[in-house]
Amino acid sequence: MTLNKPEKIPVGTPFEFGEHRFYFGEEIVELADSSSLLNNLGALHRKMYEDGYLFIRGFHPREHAEKAAHWTLQAIAERDGLKADTSVKKGIIGEANQTFSFFRQTEVAHAQPILDVVDSQRTMQFYEEFLGGPVITFDKRWLRCMAKGRHNHFHYDSVYVGRGTQNRYTMWSALTDIGLENGPLVICLGSHKHDQLKSTYGATDMDRDLTEAVFSTDPREMVEKFGFTLATTHFLPGDVIIFGLYMMHSSAPNRSDHYRISIDTRYQLAREEKDDRFFFREDGSWLGNFYNKGVSYKPITELRQEWGLE
């Protein structure tokens, strides 16, 4: 494992999150690195229980992450997504400013450079030790290439991928250099222990219940209304953050001219119940989310009122 350690983010550093500005040391802090605990399974379990996440620098070899990013940028170049007359390696966003999500393009998301990262022997061995037995990972891989201004909103993964076992973990892997201006992942500390959120919003299944899956588009209310401290960091290629189904998270808008590339993968014990929406069917496809065609989803604003969360 290659350890990458950028400089610690100084207290008072501003963080632009869409229309909002936060300052490190106040409403936002830097993620705590758990890489020193990798040989201490008990400590990893305690940290996951207490903090709800593991941030591990250099979990994937940097050269593997960079190779996966280059493969993905080549796929973007083939789709005319890069700036004209620039090298693929630079990853400069083209005029159309198009975000690419290679979720169902298995020729990209399941190519060997990608699998060498998320399905590597190193990765699978970690989860086998952490979970205590043979593991499987979803066939769907959330390979995201965020253009300028693009980002995700606050949600629990349980709402999207929560069927079957609850003993399931998301691994978000940085494939490019993702500093504060590149749209890093942001988590809400303590949200994995917020009983009201977990028993209301966290208990929904957006496909079964036909409910909107995004809980909030406003990072300010996550801090001021729900009392969470935000946490993020400067991610380098190969860094990962691992969390369970009930960690509220989002990503800040990419404010740079370069694609921000990351991949989400999910891991669980092979013997436990799967969420069959995300595994290959006989025809080589998977169901995924939003499979109910022509339906209306109940707005989250109405649901939050019913749950007493407004």
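Among contacts in the chain between residues at least 6 apart in sequence, 82% join residues at least 24 apart. The model is predicted. Its chain has 10 helices and 13 strands. The radius of gyration is 19 Å, close to the 19 Å that the globule rule gives for 310 residues, so the chain is as compact as a globular protein of that length. Along its principal axes, the C-alpha trace spans about 55 × 55 × 45 Å.

Next, burial and surface. Of the 310 residues, 55% count as buried. The chain exposes about 13600 Å². Carbon and sulfur atoms supply 47% of that area. The chain carries 36 positive and 44 negative charges, and their mean positions are 1 Å apart.

Is Arg 260 buried or exposed? Arg 260 has 2% relative accessibility. Buried means under 20%, so Arg 260 counts as buried.

What is Arg 260 in contact with, leaving aside its neighbours within four places in sequence? The list holds Arg 144, Cys 145 and Met 146, then Trp 172, Thr 176 and Ile 178. Asn 182, Gly 183, Ser 251 and Asn 254 complete it. Take Gly 183 from that list. Gly 183 and Arg 260 are 77 residues apart in sequence, yet 7.1 Å apart in space, C-alpha to C-alpha.

How values were computed
Residues are numbered from 1 along each chain as its sequence is written. This is a predicted model: local features need pLDDT of at least 70, side-chain atom pairs count only at pLDDT 80 or more; totals for chains, interfaces and linings use all residues. Side-chain values use heavy atoms; hydrogens and water are left out. Buried means under 20% relative accessible area, exposed over 50%, partly exposed in between (1.4 Å probe, protein chains only). Contact means heavy atoms within 4.5 Å. Helices (H or I, at least four residues) and strands (E, at least two) are DSSP runs, numbered from the N terminus. The radius of gyration is taken over C-alpha atoms; the globule rule is 2.2 Å times the number of residues to the power 0.38. Accessible areas come from the Shrake-Rupley method with a 1.4 Å probe; for residues, only the protein chains shown count as cover. Lys and Arg count as positive and Asp and Glu as negative; His and the chain ends are not counted. The place of a charge is taken as NZ of Lys, CZ of Arg, CG of Asp or CD of Glu.
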